[in-house]
Amino acid sequence: MQRARGLWRAGVAATLGGSRALSGPPGAGSGAPGAGSGGPGGGLGPEAEADPALLRASSPELARRLRGLALVRGGFVSEGEAAELLREVEPGLRRGRYQNDHWDRAITGYRETERGLRGGAGRALLLRVTPAFPPRSPPRPSAHVLDLLPGGAVGPHVDSVKFCGCTIAGVSLLSPSVLRLQSLRDPQDWVELLLEPGSLYILRGAARYEFTHEILPDEKSFFGGLRVPRGRRVALIFRNDPPETPPDPLSDLPAFIEDPREPPAPK
Ligand code: OGA
Ligand code: MN
């Protein structure tokens, strides 16, 4: 079943994202692939550490606060696995058309599908991301496959608490990109993750509920001083189910618009 558009994305924080800071030490990440994920310290639970070259934060305090909650690992899947995963998801993607959502503005230049990964590489990937999730709330077996054109972007949003639980894990294929988090409480607090092809990111807890996340459009695609040119990017995103009573920690904030099922009536 393909999910309705906009289902994951609980509205756009239109007021956020205006004043993007490009300060800080340039070129923290050289673009070199990470050392891989399987070695010592390669766990994916809340004790896990991000690859420091792939994460920038507005302050060391914020980086500490989000330790284990906003995480990125380079080289999580090999080139061979990536090719196999793409072969597996391309037929499903090709059934859809690239679209632009005008009414919620959360995402542009994309097509997406929601599907069980039944091939060997997909099943293996699901097993490998499962440790990122709480044992009692594993990822759903189907992945959200999001295909973004070079000119496409995912605007700042918080995934719907109705349809998504505490943890989001995404594997990026093809093009590098920058995932930017911005605090709903303190908009000066931000984190950027450099998502290289084959990398894994994890958002959970405060990073998932109290920050918007976005994939920067090509013209804003910088990681500090490092330009990250956007090509076509395919992401495999794993989520768990929400608890019966989803947490609603910041529902008083304007960015927490409930996901609109119906586009607004034309004026
Ligand atoms: C989304 C989203 C991020 C990504 O679709 O809700 O945030 O990695 N995608 O593409
Ligand atoms: Mn999202």
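1. In α2, the buried residues are Ala82, Leu85, Leu86, Glu88, Val89, Glu90, Gly92 and Leu93. Buried here means under 20% relative accessible area, exposed over 50% and partly exposed in between (1.4 Å probe, protein chains only); helices (H or I, at least four residues) and strands (E, at least two) are DSSP runs, numbered from the N terminus.

2. Please keep in mind that this is a predicted model, where local features need pLDDT of at least 70, side-chain atom pairs count only at pLDDT 80 or more, and totals for chains, interfaces and linings use all residues. Side-chain values use heavy atoms, leaving out hydrogens and water, residues are numbered from 1 along each chain as its sequence is written, and chains are lettered from A and ligands numbered from 1 in the order in which they are written.

3. What do the buried residues of α2 pack against? Their partners are β3 (107-116), α3 (120-129), β4 (142-157), β5 (167-174) and β12 (233-239), with contact meaning heavy atoms within 4.5 Å.

4. Also in α2, a kink of about 30° lies at Glu88, shortly before the proline Pro91; the bend is the angle between axes fitted to the seven residues ending at a residue and the seven starting there.

5. Turning to the metal, His157 (NE2), Asp159 (OD) and His213 (NE2) coordinate the manganese ion (ligand 2) at 2.0 to 2.2 Å. Donors are N, O and S atoms within 2.8 Å of the metal (3.2 Å for Na, K and Ca); water is not among the atoms, so sites may look incomplete. His157 counts as buried because its relative accessibility is 3%, and Asp159 is buried, at 1%.

6. Leu203 is in contact with His213, and also with Leu193, among others.

Key. Lists of a residue's contacts leave out its neighbours within four places in sequence.
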